[in-house]
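My plan is to look up a few things at a time and jot down what I find.

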Amino acid sequence: MMKALLTVLVMGLCSPLAGWAQRPSPSPSTAGAAASAVPGAAASAAPSVRDQEIASCRPGEWSTWGDGRDRSAVSRPLRFVYRHEAAPEWMTAAQVLALAQRAVQAWLACGVPATVQALPKGRAPADEDIQIVWTDLGSQGQFGVANVKARTLSLGPSPFRLLRQRNPRYPSDQTLQMVLSHEMGHFYGMAAHSRRCVDVMSYYDDGKGHRCTLRDPSTWGSVIEYRSMLPTACDIERCRALNGTSASVGSESRILSP
């Protein structure tokens, strides 16, 4: 569940509530590209701790806040359908659908087949479809809410408009990418949230003084948003375990960026 924007930092960056997101969304990592493009730059462009956390999951590393009961995916295959009505005016249907497809592509490493496609206006979804819709009522004033029982992933138009109002130059599509990846994860069976700060299924603290974990605590605050926009190796490892598709129990697992 994505909590709504509440305050604005001095620099003009929107700051969501601590439970899900305290900072705006991240920019994609370009360290690998920089290293290959500039001769002799490999040493200075070595993967950051955050990049390594995203790409690998050490044995026993993932854990949850225990705020939900994990299960297997709600169905196989997962069929997401996207309705564009009521979307923020600057977002096109093709843009949002591409982000949803990118999230589904990243989650495929879990081993649960899934698809996403547009649902034309006026057409009713099939019984097994999971609707992605824009609604402030369904999203409860938050960036996104997954209603697994109702098979609905609700995105919040108002929080995204507020984000754009506070910082028009900030790429809201990156926030949307994270929201889609996160909320889709709940339909793969992950009801509880991760305690690893970098996981897309994480939130930063529980509101009771306990904070998420990092491999190197000194990296906290090193980037605007520590959480990944797409599922990490630990997100995938956990999804595999829940759905009986795990291929890396007892050893470090790794993923390649989609």
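**Ground rules.** I start with a definition: helices (H or I, at least four residues) and strands (E, at least two) are DSSP runs, numbered from the N terminus. This is a predicted model, in which local features need pLDDT of at least 70 and side-chain atom pairs count only at pLDDT 80 or more, while totals for chains, interfaces and linings use all residues. Residues are numbered from 1 along each chain as its sequence is written, and side-chain values use heavy atoms, with hydrogens and water left out.

**Entry: Arg 83.** I looked up Arg 83 and found it in the loop between β4 (78-82) and α3. Is Arg 83 buried or exposed? I call a residue buried under 20% relative accessible area, exposed over 50%, and partly exposed in between (1.4 Å probe, protein chains only). Arg 83 has 15% relative accessibility, so it counts as buried.

Next I checked its contacts, meaning heavy atoms within 4.5 Å. Not counting residues up to four places away in sequence, Arg 83 touches several residues, including Leu 119, Pro 120, Arg 123, Gln 131 and Trp 134. With Gln 131, the side chain of Arg 83 also makes a polar contact of 2.8 Å. For that term I use a pair of N or O atoms within 3.5 Å; within protein, one must be able to donate a hydrogen and the other to accept it, and residues adjacent in sequence count only if both atoms are side-chain atoms.

**Entry: the whole chain.** I stepped back and noted seven helices and nine strands. Of the 258 residues in the chain, 48% are buried. I also looked at contacts between residues at least 6 apart in sequence: 70% of them join residues at least 24 apart. The accessible surface comes to about 12000 Å², and carbon and sulfur atoms hold 54% of it. Those areas come from the Shrake-Rupley method with a 1.4 Å probe; for residues, only the protein chains shown count as cover.

**Entry: a sheet.** I traced an open sheet of five strands in the order β5-β4-β6-β8-β7, with mixed pairing. Its edge strands are β5 and β7 (144-147), each pairing on one side only. Two strands pair, in my notes, if DSSP finds at least two bridges between them. On average, neighbouring strands of this sheet are turned by 20° against each other, direction ignored.

How do β7 and β8 pair? Strand β8 (residues 152-155) runs antiparallel to β7, and the two pair over four bridges. In that pairing I saw Gly 144 opposite Leu 155 in β8. Helix α6 packs on the sheet and touches β4, β6 (129-134), β7 and β8, its direction making about 155° with that of β8. For such angles, axes are lines fitted to C-alpha atoms, for helices over the stretch in contact, and angles run from 0 to 180 degrees between N-to-C directions.

**Entry: disulfides.** I counted pairs of cysteine sulfur atoms within 2.5 Å as disulfides, and the count comes to three.

- Cys 57 and Cys 234 have their sulfur atoms 2.0 Å apart. Cys 57 is in strand β3 (residues 56-57) and Cys 234 in helix α7 (residues 233-243), 177 residues apart. The S-S torsion is about 85°, so this disulfide is right-handed.
- Cys 110 is joined to Cys 239, S to S 2.0 Å. Cys 110 lies in the loop between α3 (93-107) and β5 (114-118) and Cys 239 in helix α7, so the pair ties together parts 129 residues apart in sequence. Here the torsion is about -80°, so the disulfide is left-handed. Both Cys 110 and Cys 239 are buried.
- Cys 197 is joined to Cys 212, S to S 1.9 Å. These two cysteines are 15 residues apart in sequence. Cys 197 counts as buried because its relative accessibility is 0%.

Numbering the bonded cysteines in sequence order, I wrote the pairing as 1-5, 2-6, 3-4.

**Entry: Ser 194.** My last stop was Ser 194, in the loop between α6 and α7. Ser 194 counts as buried because its relative accessibility is 2%. A polar atom of its side chain lies 3.0 Å from the backbone nitrogen of Arg 196. Leaving aside neighbours within four places in sequence, the contacts of Ser 194 include Ser 63, Trp 65, Asp 199 and Arg 238. From Gly 66, Ser 194 is 128 residues away in sequence and 8.6 Å away in space, C-alpha to C-alpha.
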